[in-house]
Amino acid sequence: APHILSNDTARLALTQWTRSAAQRNIASLVKVGDYYYHGLGVPDEPATIRYEKAAGFYQSAADTSMSALAMWNLGYMYENGVGVPQDYHLAKRHYDSALTVNSEAYIPVTLSLMRLQAKSLWYALFDGADNLNLWHYDEEAGECGILCSVLVSLNVCNRKCLQCTSL
């Protein structure tokens with residue numbers, strides 16, 4: 001049977017993980033983020049505040065460019081709007097970064113990207129918000145969406161984005 005921590009035990013563990021995280025230990029930053037995300041050993045506060053704190057710890061770990069797990073967690077949070085504004089472009093960026101940092105993340109990242117692209121297609125077909133649509137060309141940022149990437153691979157894209165002009 002799985003061992004379930006009491007809240008007192010979780011609070012003590014969180015204290016130790018937090019001390020380690022204060023010394024910029026990457027695994028500890030992710031672990032503290034996990035404790036806040038799941039509400040283990042943290043003060044009673046609304047879930048939205050806990051999720052925001054979790055995102056902050058994950059972001060600190062991700063900023064080191066050494067934690068694929070922190071990057072994947074941030075991608076998930078941006079994809080679903082948990083603790084951060086929902087933004088598929090940032091979710092994709094974090095998922096891609098996780099794969100760059102650790103090639104062993106290939107399967108979870110690929111599955112996450114497939115889910116993200118399916119959600120984005122849904123928003124594109126039914127006029128969702130722009131930050132949830134990966135299928136369009138962003139003129140301001142000069143970035144291709146997924147559709148443009150397909151057109152580039154077929155050598156038929158005529159847009160002047162960074163991806164197309166680098167060919």
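**Close-up A. S112 lies in helix 6.** Helices here are DSSP runs of H or I with at least four residues, strands are runs of E with at least two, and both are numbered from the N terminus. The model is predicted, so local features need pLDDT of at least 70 and side-chain atom pairs count only at pLDDT 80 or more, while totals for chains, interfaces and linings use all residues. Residues are numbered from 1 along each chain as its sequence is written, and side-chain values use heavy atoms, with hydrogens and water left out. S112 has a relative accessibility of 3% and therefore counts as buried. Buried means under 20% relative accessible area, exposed means over 50%, and partly exposed falls in between, with a 1.4 Å probe and protein chains only. Leaving aside residues up to four places away in sequence, S112 touches W72, E79 and Y95; a contact means heavy atoms within 4.5 Å.

**Close-up B. Helix 5 packs against helix 6.** Two packed helices are described by the angle between their axes and the distance between the axes. Helix 5 covers residues 88-101 and helix 6 covers residues 106-125; their axes lie 10 Å apart at an angle of about 165°. The angle makes helix 5 roughly antiparallel to helix 6. Axes are lines fitted to C-alpha atoms, for helices over the stretch in contact, and angles run from 0 to 180 degrees between N-to-C directions. Angles under 35 degrees count as roughly parallel, over 145 as roughly antiparallel, 65 to 115 as roughly perpendicular, and the rest as oblique. The crossing of helix 5 over helix 6 is left-handed. Helix 5 contributes Y88, A91, K92, Y95, D96, A98 and L99 to the contact, and helix 6 contributes Y106, V109, S112, L113, R115, L116, K119, S120 and Y123. By class, this contact between helix 5 and helix 6 holds 10 nonpolar, 2 polar and 4 charged residues. Ala, Val, Leu, Ile, Met, Phe, Trp, Tyr, Cys and Pro count as nonpolar, Asp, Glu, Lys and Arg as charged, and the others, Gly among them, as polar. A crossing is left-handed if the near helix is turned anticlockwise from the far one by less than a right angle, and right-handed if clockwise.

**Close-up C. E79 forms salt bridges with R115 and with K119.** Side chains of opposite charge can pair when their charged atoms come close. A salt bridge is a side-chain nitrogen of Lys or Arg within 4 Å of a carboxyl oxygen of Asp or Glu. Between E79 and R115 the N to O distance is 2.7 Å. This pair links distant parts of the chain, with E79 in helix 4 (residues 68-80) and R115 in helix 6, 36 residues apart. E79 counts as buried, because its relative accessibility is 0%, whereas R115, at 32%, counts as partly exposed. Between K119 and E79 the N to O distance is 3.1 Å. The two residues, K119 in helix 6 and E79 in helix 4, are 40 residues apart and again link distant parts of the chain. K119 is partly exposed, with a relative accessible area of 26%.

**Close-up D. R11 and D8 pair within helix 1.** The closest N and O atoms of this salt bridge are 2.9 Å apart. R11 and D8 are 3 residues apart in helix 1 (residues 7-22), which means that about one helical turn separates them. R11 is partly exposed at 39% relative accessible area, and D8 is exposed at 55%. The count of salt bridges comes to 5.

**Close-up E. V32 sits in helix 2, which covers residues 26-38.** V32 is buried, with a relative accessible area of 0%. Not counting residues up to four places away in sequence, V32 touches L14, W17, T18, A21 and F57.

**Close-up F. Helix 2 packs against helix 3 (residues 47-62).** The two axes come within 8 Å and cross at roughly 165°. Helix 2 is therefore roughly antiparallel to helix 3. The crossing of helix 2 and helix 3 is left-handed. In helix 2 the contact residues are I26, L29, V30, V32, G33, D34, Y36, Y37 and H38; in helix 3 they are R50, Y51, K53, A54, F57, Y58, S60 and A61. They divide into 11 nonpolar, 3 polar and 3 charged.
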